[in-house]
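Here's a quick briefing on aromatic rings and chain contacts. Have a look at the sequence and the structure first.

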Number of protein chains: 4
Amino acid sequence: MPREVRERQMLDAAVAVFARRGYRAASMDEIAELAGASKPLVYLYLHSKEDLFSACIRREAEALIAAVQASVDPGAPADRRLWNGLRGFFAHTAAHPDGWAVLHCQARTHGEPFALEVAALRQRLVDVVTRLITETAEAGGCPEPLPEVEVAGLAHALVGAAESLAGWSNGRDGAASCERQTAETLMNFAWTGLENLRNGRRWAPARA
Amino acid sequence: MPREVRERQMLDAAVAVFARRGYRAASMDEIAELAGASKPLVYLYLHSKEDLFSACIRREAEALIAAVQASVDPGAPADRRLWNGLRGFFAHTAAHPDGWAVLHCQARTHGEPFALEVAALRQRLVDVVTRLITETAEAGGCPEPLPEVEVAGLAHALVGAAESLAGWSNGRDGAASCERQTAETLMNFAWTGLENLRNGRRWAPARA
Amino acid sequence: MPREVRERQMLDAAVAVFARRGYRAASMDEIAELAGASKPLVYLYLHSKEDLFSACIRREAEALIAAVQASVDPGAPADRRLWNGLRGFFAHTAAHPDGWAVLHCQARTHGEPFALEVAALRQRLVDVVTRLITETAEAGGCPEPLPEVEVAGLAHALVGAAESLAGWSNGRDGAASCERQTAETLMNFAWTGLENLRNGRRWAPARA
Amino acid sequence: MPREVRERQMLDAAVAVFARRGYRAASMDEIAELAGASKPLVYLYLHSKEDLFSACIRREAEALIAAVQASVDPGAPADRRLWNGLRGFFAHTAAHPDGWAVLHCQARTHGEPFALEVAALRQRLVDVVTRLITETAEAGGCPEPLPEVEVAGLAHALVGAAESLAGWSNGRDGAASCERQTAETLMNFAWTGLENLRNGRRWAPARA
DNA sequence: AATGAATGAGATTTCATTCAT
DNA sequence: CATGAATGAAATCTCATTCAT
């Protein structure tokens, strides 16, 4: 069996086991067995448990990013791009729950090296959103540019909301039909909020 | 030393170690040492690693809920309550990063019993937000009531956004001064979005 | 509460727990709890687990010996004495199964010191039987005295048979009514065998 | 080193240590060291202390039964078969004192699962003896068949006597030369007793 | 007479990892 | 390319035992 195929099987098995058990509780024995290979072969190809986990994170992160980018038409207007990006995000996480669990739940909680890797992924998502927000503001003729820190905060809020909805919507029935609705809910929530910001309408504590 | 004091020290130590290392990687040795007690005493008082972790989750969850509730004036209007609740949430998570890490990052990823416990906490937060959204819609004279599933989705999105911002803002410098600003960013984002929804203004994919 | 009473409660509890769990698996915690006293008090009175176990063995051994002796009339003929001794033995072991379990099952299997103590008890039983056999042989006009080693072997066989029957008969229903029958079975088996030996009738391998 | 060899070494070591220390006091460390292997290997092959103990019991029980059966010629008359069976029993227990100690002293005192296993062995021995007694009675023209419960009692008594003698004779010097004599003593005691029973001669308490 | 508080030592068990083949 | 055999290190948890009061 060629190495590439074997390696993919191993990563598939590892993602499944890491998602189910967590990094520490996952055992190389179980991963090797699920991959249908012997443990020494796993070590020959992937060197160590740490390297294996890193490889999982990298592969799943690339796949997620690629899925989001593939569903966005770079020439479309900002709202369309946001809408399609969200749909791609929800579709991919719903189709690959183990990979999403590794990225979202496991990777951040098991030591710096992994957290950094997943933080880099997250930053790429945040960057995309940040660009959308900025463009939206500019395109809408925002009287004064939004402060940088606020834009970053908004981007984090939006990504967090998307992550939360992904988890919520995947945990319910009829996931397939839900994905579109989930995206719509978030879009309604976010887009109108962004529009208002763009127009300078704000909520202020003093108003209450 | 009286038992209560010792027990609190143990929980403090456990929260710190669980936050830093994760559930599986945390060792009872390290927890006992940090608590300044011997391992058998930890077992005598808290029975097992699982029970200890459960106790941590419960204590931190109660503390967080209490902090949020304490910062909300039940007689105030909906927007004011949301604003104060968010501020309480961000302030408490910023002041107790270890507790927040245990709740947000660790508890959900290490087996059903813990996940259920933290899901219950999250549900309580979501419920509060759900009520706020409904009241806001009613108070604002919403032409037709928002569909239930959409309200739930919005609540999850809002809680997810808050969670995400808590993690982001705590990871930056000057956390104290940031807390207010973080709350303001999210409030601007969310409140105006909610207002628009209330008024029936929506984003629709067909529009693009 | 006076010391003697407390000490008896402790020994009762210890015998019960040792019988149920074995020496090593029995925990001083369980014994103390069952005795209704605190652990330090147990240590104050009985010094250590080893001492406690020794005390149990000694008490139960004395009780068993006393019960057997009390049921034998020293003036009666040999067969009558054997008969009454067996009945006393079966009655006492049936009435005190925990004590018998400690003596028969536990004491011999947990290190030299205890084995010696219980071996001493057993030797006293064997001695009684040995005397009976010798007297029986003499009284019956045995042509030549039985070899010493054979008498010892017979005594051990008889005691072993009695022990085995005690375990068997106690494990069956209607123990009370059984006790007499058990004694009769063994008596029939043993006494007639002894009579034949006394008369020089033997089985020889060459005969077959 | 092939697995089978290693496993046998482990069982040998385990039998020796269990016999010397008892189930609870035996440590897996000591067993592994005596077997010349590392502890993880013992666990890999034999799974747990409980399984290891079970495996010891089973192996030693099979060996004992096999030894007894191998020394009996099924075509020989009843007394000859009893004689040879006893010799086989005494010879095997003398040659394998550790195995006998595990079966006789340890297995019955450490929890139901083990006790059941050893009870099954004992029942097989009792069954053999029961058959012998019945056949003897029939062959000898016993006027009326012995009551079933009495036969069972006799069988238990005989097995108990044999067990007791095995322990006694092994604890003395010159075991090799003793084995035959031990068997002879028991045979003399038992066979003549059985003969008398067969002929209806009984001891009765009223006689005294 | 009696106990709540505390621990050193050691038990079973698991796991990531490496050779020799 | 592939693996059966093997282990050092460390995890959770228990227990007999002792003080200070």
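Predicted model: local features only at pLDDT ≥ 70, side-chain atom pairs only at ≥ 80, totals over all residues.

Counting over all chains gives 28 aromatic pairs. A pair like this gets described by how far apart the ring centres are and by the angle between the planes.

**Ring pairs**
- Take A:Phe89 and A:Phe90: their ring centres are 5.7 Å apart and the planes sit at 70°, over the 60 degrees needed, so this pair is edge-to-face.
- Both A:Phe89 and A:Phe90 are buried.
- Over in chain C, the rings of C:Phe53 and C:Phe114 have centres 4.7 Å apart and planes at 90°, so they also make an edge-to-face pair.
- C:Phe53 belongs to helix H4 (residues 49-70) of chain C and C:Phe114 to helix H7 (residues 112-139) of chain C, so their pairing ties together parts that are 61 residues apart in sequence.
- Buried or exposed, for C:Phe53 and C:Phe114? Both are buried.
- Chain A has a cluster held by ring pairs, made up of A:Phe18, A:Tyr23, A:Phe53 and A:Phe114.

**Charges over rings**
- A:Tyr23, part of that cluster, has the charged end of A:Lys49 sitting over its ring, 4.9 Å from the centre.
- In chain B, B:Lys49 lies over the face of B:Tyr23, 4.9 Å from the ring centre.

- Chain B and chain C make no contact, and their nearest C-alpha atoms are 12 Å apart.
- Chain B and chain D aren't joined by any contact either; the closest C-alpha atoms there lie 21 Å apart.

Key:
Residues numbered from 1 in each chain as written. Chains lettered and ligands numbered in written order. Heavy atoms only, no water. Contact = heavy atoms within 4.5 Å. Phe/Tyr/Trp six-rings, centres within 6.5 Å; stacked < 30°, edge-to-face > 60°. Buried < 20%, exposed > 50% of the residue type's maximum accessible area, 1.4 Å probe, protein only. Helix = DSSP H or I, 4+ residues; strand = E, 2+ residues; numbered from the N terminus. Lys NZ or Arg CZ within 6 Å of the ring centre and 35° of its normal.
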